[in-house]
Amino acid sequence: MRKNIVAGNWKMNKNLQEGIALAKDLNAALTADKPNCDVIICTPFIHLASVVPAVDAAIIGVGAENCADKVSGAYTGEVSAEMVASTGAKYVILGHSERRAYYHETPEILKEKVQLALANGLTPIFCIGEVLEERQQGVQNKVVYDQLAGSLFDLTAEEFSKIVLAYEPVWAIGTGLTATPEQAEEIHAYIRSVIAEKFGAEVAENTSILYGGSCKPSNAKELFANPNVDGGLIGGAALKVEDFKGIIDAFK
Ligand code: PEP
């Protein structure tokens, strides 16, 4: 059976001390009141080596927000998948719309990143989703199909089964706008049908597909109640323990 997951994406927020404090506070809250889903926090690179030992690995998994598309060498400023894994982190967000838009990450670049993440034992949390104009034109299914095909269709079914997907309509990220539960369910079901067609029904059934985009304690339960929505990727609301735990508690 696929897992229910609530994953936080801290983005470029929190200095090291603030990040460690947030991780410890979340760990304390979830130790006192155990979650009914997997919980992941994805932090800036420099936090990883400190945040991993600050949390109970049985309760909170730790991930990076990105990794390089190269193995190693003269790529100043880059951080490789192997380096991420060496901190004890287990996950890496890839293909976030901010990376696609601001850092020009193409499907080909993301394909390399996914393969390096998998080769280093990391679970990619692979993000897909359309911009507002594409939703208005009604081409959202084609957009997510192309994003999946462009970066993930070269994987074997066994490799694909290690991926977590996050559907994140770009128009809902950080905007306060949220997809309705019906909109989320419709496209999640479509994404699952694409996986079934390409990798088989069993792989599709076992793939966790998270929703991301202005998810908060007040709307999480409704969104996660849909049969094809297996949790959330959370930006802004992951920066406060109370809000993040409120979303995690949607599974109670
Ligand atoms: C995100 O960046 O992945 C995200 C979902 O952000 P927010 O929750 O702030 O919309």
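What percentage of the 252 residues in the chain is buried? In this predicted model, where residues are numbered from 1 along each chain as its sequence is written, local features need pLDDT of at least 70, side-chain atom pairs count only at pLDDT 80 or more, and totals for chains, interfaces and linings use all residues. Side-chain values use heavy atoms, with hydrogens and water left out. Buried residues make up 52% of the 252 residues in the chain, where buried means under 20% relative accessible area, exposed means over 50% and partly exposed lies in between, with a 1.4 Å probe and protein chains only.

The chain contains 12 helices and 8 strands, both taken as DSSP runs numbered from the N terminus (helices H or I, at least four residues; strands E, at least two). Its radius of gyration is 17 Å, close to the 18 Å that the globule rule gives for 252 residues, so the chain is as compact as a globular protein of that length; the radius is taken over C-alpha atoms, and the rule is 2.2 Å times the number of residues to the power 0.38. Along the principal axes, the C-alpha atoms fill a box of roughly 45 × 45 × 35 Å. Among the contacts in the chain with a separation of 6 or more, 72% are accounted for by residues 24 or more positions apart, contact meaning heavy atoms within 4.5 Å. The chain exposes about 11200 Å², of which carbon and sulfur atoms supply 53%; accessible areas come from the Shrake-Rupley method with a 1.4 Å probe, and for residues only the protein chains shown count as cover.

A polar side-chain atom of His96 lies 2.8 Å from an oxygen atom of the ligand, and a polar side-chain atom of Glu168 lies 2.7 Å from an oxygen atom of the ligand. For Gly174, a backbone N or O atom lies 2.7 Å from an oxygen atom of the ligand. Taken alone the ligand exposes 290 Å², and the protein buries 95% of that area.

Asn9, found in strand 1 (residues 5-9), has a relative accessibility of 5% and therefore counts as buried. A polar contact of 3.5 Å joins the side chains of Asn9 and His96, a polar contact being a pair of N or O atoms within 3.5 Å, where within protein one must be able to donate a hydrogen and the other to accept it, and residues adjacent in sequence count only if both atoms are side-chain atoms. The side chain of Asn9 also reaches the backbone nitrogen of Lys11 at 3.1 Å. With neighbours within four places in sequence left aside, the contacts of Asn9 include Cys42, Glu65, Ile93, Leu233 and Ala238. Lys11 itself lies in the loop between strand 1 and helix 1 (16-32) and has a positive phi of about 55 degrees although it is not a glycine. Lys14 is placed in the loop between strand 1 and helix 1, with a positive phi near 80 degrees in a residue other than glycine and a relative accessible area of 32%, so that Lys14 is partly exposed.

His188 lies in helix 9 (residues 181-199) and, at 0% relative accessibility, counts as buried. Apart from neighbours within four places in sequence, His188 is in contact with Tyr167, Ile209, Leu210, Tyr211, Asn228 and Val229, and its C-alpha atom is 9.3 Å from that of Ala166, from which His188 is 22 residues apart in sequence.

Two further helical residues were examined for accessibility. Lys111, in helix 5 (residues 107-119), counts as partly exposed at 21% relative accessibility and touches Gly150, Ser151 and Asp154, not counting residues up to four places away in sequence. Tyr102, in helix 4 (residues 97-102), is exposed, with a relative accessible area of 58%; the C-alpha atoms of Tyr102 and Gly174, 72 residues apart along the chain, are separated by 15 Å.
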